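Biologist: I have a structure open here and would like to go through it with you. Shall we begin with one of its helices?

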Amino acid sequence: MRQVLVSLLVGWVCLSYGVAEATEPETVRPIKVLVAYHSLSGNTEKMAQAVSEGARGVAGAQVTMKRVGQVTGEELLGADAIVIGSPVYWSNMAGEVKTFIDSWQFKFGVFPEFKLKNKVGAAFATGGQISSGKELTMLSILAAMLGNQMIVVSGGGAFGASATTEGNSPGIDEQELAAARDLGRRVADVAGLVVRGAKP
Ligand SMILES: Cc1cc2nc3c(=O)[nH]c(=O)nc-3n(C[C@H](O)[C@H](O)[C@H](O)COP(=O)(O)O)c2cc1C
C-alpha cells in the first residue's frame, strides 16, 4: 500500500512538473528595429515617425529612431532590422545617408565577416517632385543592404514607402503616412519570423 502511495505521489509530481513546463510562458527577446534617417526640413522625419509607429504596433518590437549620424555601433550591430530613410538629393540618397552606410565599414568593420548578414533591411524616401529620384534613392539604399547580405523587404510601395513633398503635393499626407506605417509593420513582422522562426 505504501509503495502504491509513493508511486502515485511520484507520478503526480512528474505530471505536475511536465504540465508546468509545457504551460510556462516562453521568454521571448524583443525584436530590435532601428529606424535611421536624414532630414533637414522635417519631411523624412515625419515618415521615420510613421515607420516607427508601424513597427511598434507589432508585438515584441522595440524601436530605436535616430538620425543617421547618431547611430551607435551597438544600435547598428544589435538591430534585427534596419530601416533607412533619405530625402532625394539630385535623384539619389543624401550624402549624409551615404556617409552613414559607408561608416558601416569605416567605423564598424562589417566586412569581410558580413556583420549585418540576415538582418532585415528596408528603405523610405521623400522627394520634392513626383518622379525625380525617390525609387532610385530607395533602390540605392537597398543595393547597399544587399551587398551586406541583408534580407531586403519592401512595404508601402514596391521598393519601400515614399512621399512627394513639394509642388501640388506639399508635405506628407495621410496616405503617405499609412504607407510608411505599412513598411514599419512589415519590417517588424519579417524580423520576427527571422529571429523566432515561423510558427506552425
Ligand atoms: C540639394 C537638394 C537636392 C534635391 N534634389 C531633389 C531631386 O533630385 N528630386 C526631388 O524630387 N527632390 C529633390 N529635392 C527636394 C527634397 O528631396 C525634398 O524637399 C525632401 O522632402 C526634403 O526632405 P526633408 O524635409 O526630410 O529634409 C532636393 C533638395 C535639396 C536640398
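Biologist: What span should H5 have?

Modeller: Helix H5 covers residues 134-147, and at 1.5 Å a residue its 14 residues should span 20 Å. The C-alpha atoms at its ends are 20 Å apart, which agrees.

Biologist: And what comes just after H5?

Modeller: Glutamine 149 is found there, with a positive phi of about 60 degrees.

Biologist: Now to the ligand. Which residues come nearest?

Modeller: Of the 20 residues around the ligand, the nearest are Ser39, Asn43, Thr44, Pro87 and Gly127. Two or more residues of the shell are given by each of helix H2 (43-56), strand E3 (81-89) and strand E5 (120-127).

Biologist: How many of the shell residues are polar?

Modeller: The shell has 13 polar residues, together with five nonpolar and two charged ones.

Biologist: Which element has the lowest mean pLDDT?

Modeller: That is helix H1 (residues 2-23), at 50, whereas E3 has the highest, at 99. For the protein, the mean pLDDT is 91, and 86% of residues reach 70 or more. Where pLDDT is low, the predicted coordinates should not be read in detail.

Notes
Residues numbered from 1 in each chain as written. Predicted model: local features only at pLDDT ≥ 70, side-chain atom pairs only at ≥ 80, totals over all residues. Near = placed C-beta within 6 Å. Helix = DSSP H or I, 4+ residues; strand = E, 2+ residues; numbered from the N terminus. Nonpolar A, V, L, I, M, F, W, Y, C, P; charged D, E, K, R; others polar. Expected span 1.5 Å × (residues − 1). pLDDT = per-residue confidence, 0-100.
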